[in-house]
Amino acid sequence: MRYRLTFIAGLALGYVIGTRAGRERYEQLKKSARQFAQNPAVRNTAESAAQSGRDLTGKAYHSVSEKVGDKVPASVADRVRSLRNRGRNGEDDWGTTNT
C-alpha cells in the first residue's frame with residue numbers, strides 16, 4: 001500500500017510539473033507567433049497574396065461563367081454571386097479596408 005501511495009503521489013507531482021512547463025512553452029510559442037504576425041513585412045506579403053488571389057478568382061469566375069453560361073442552377077449562381085461580393089463591403093478577410 002505504501003508503494004502504491006508513493007507511486008500515485010509521484011505521478012501527480014509529475015503531472016503538475018509537466019503541465020506547468022508545457023503551459024510556459026505554449027505561452028512562449030503564442031507570443032512568438034503574435035510577433036511574427038504583427039511584423040509589417042509579413043502583413044504586407046499576406047495582403048498582397050490575398051489581393052492576387054482575389055484578382056485571380058475574379059478572372060476565373062468570368063472565364064467559367066462565359067463557358068458555363070446558364071447551365072448552372074439559379075441557387076448556385078446566387079450563392080457564387082454573394083460570395084464574390086462579400087469582400088466588397090469595405091473590409092477584406094484580413095480586417096483591412098479595400099482600396
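Tutor: Let's say contact means heavy atoms within 4.5 Å. Keep in mind that this is a predicted model.

Student: Okay, what do the buried residues of α2 pack against?

Tutor: They pack against α3, residues 74-85. The buried residues in question are A46, A50 and G58.

Student: What makes a residue like those count as buried?

Tutor: A relative accessible area under 20%.

Student: And why is V80 called partly exposed?

Tutor: V80 has a relative accessible area of 33%. Buried means under 20% and exposed means over 50%, with partly exposed in between, so V80 at 33% is partly exposed.

Student: How do you know that the length of helix α2 agrees with what it should span?

Tutor: α2 runs over residues 40-68, which is 29 residues. The expected span takes 1.5 Å times one less than that number, so it should come to 42 Å, and the end C-alpha atoms are 41 Å apart, which agrees.

Student: What makes N39 a cap for α2?

Tutor: A side-chain oxygen of N39 lies 3.1 Å from the backbone nitrogen of A41, at the N-terminal end of α2. The cut-off for a polar contact is 3.5 Å, so the N39 pair at 3.1 Å falls within it.

Student: Over in α1, why is I8 part of a nonpolar patch?

Tutor: I8, in helix α1, has a relative accessible area of 49%. Patch residues need over 30%, so I8 passes that cut-off. F7, I8 and L11 make the patch, about 340 Å² of surface.

Notes: Residues numbered from 1 in each chain as written. Predicted model: local features only at pLDDT ≥ 70, side-chain atom pairs only at ≥ 80, totals over all residues. Heavy atoms only, no water. Patch = residues over 30% accessible without salt bridge, like charges linked within 9 Å, V, L, I, M, F, W, Y side chains within 5 Å. Areas by Shrake-Rupley, 256 points an atom, 1.4 Å probe, with all protein chains shown as cover. Salt bridge = Lys/Arg side-chain N within 4 Å of Asp/Glu carboxyl O. Helix = DSSP H or I, 4+ residues; strand = E, 2+ residues; numbered from the N terminus. Buried < 20%, exposed > 50% of the residue type's maximum accessible area, 1.4 Å probe, protein only. Polar contact = N/O pair within 3.5 Å; in protein donor to acceptor, adjacent residues only side chain to side chain.
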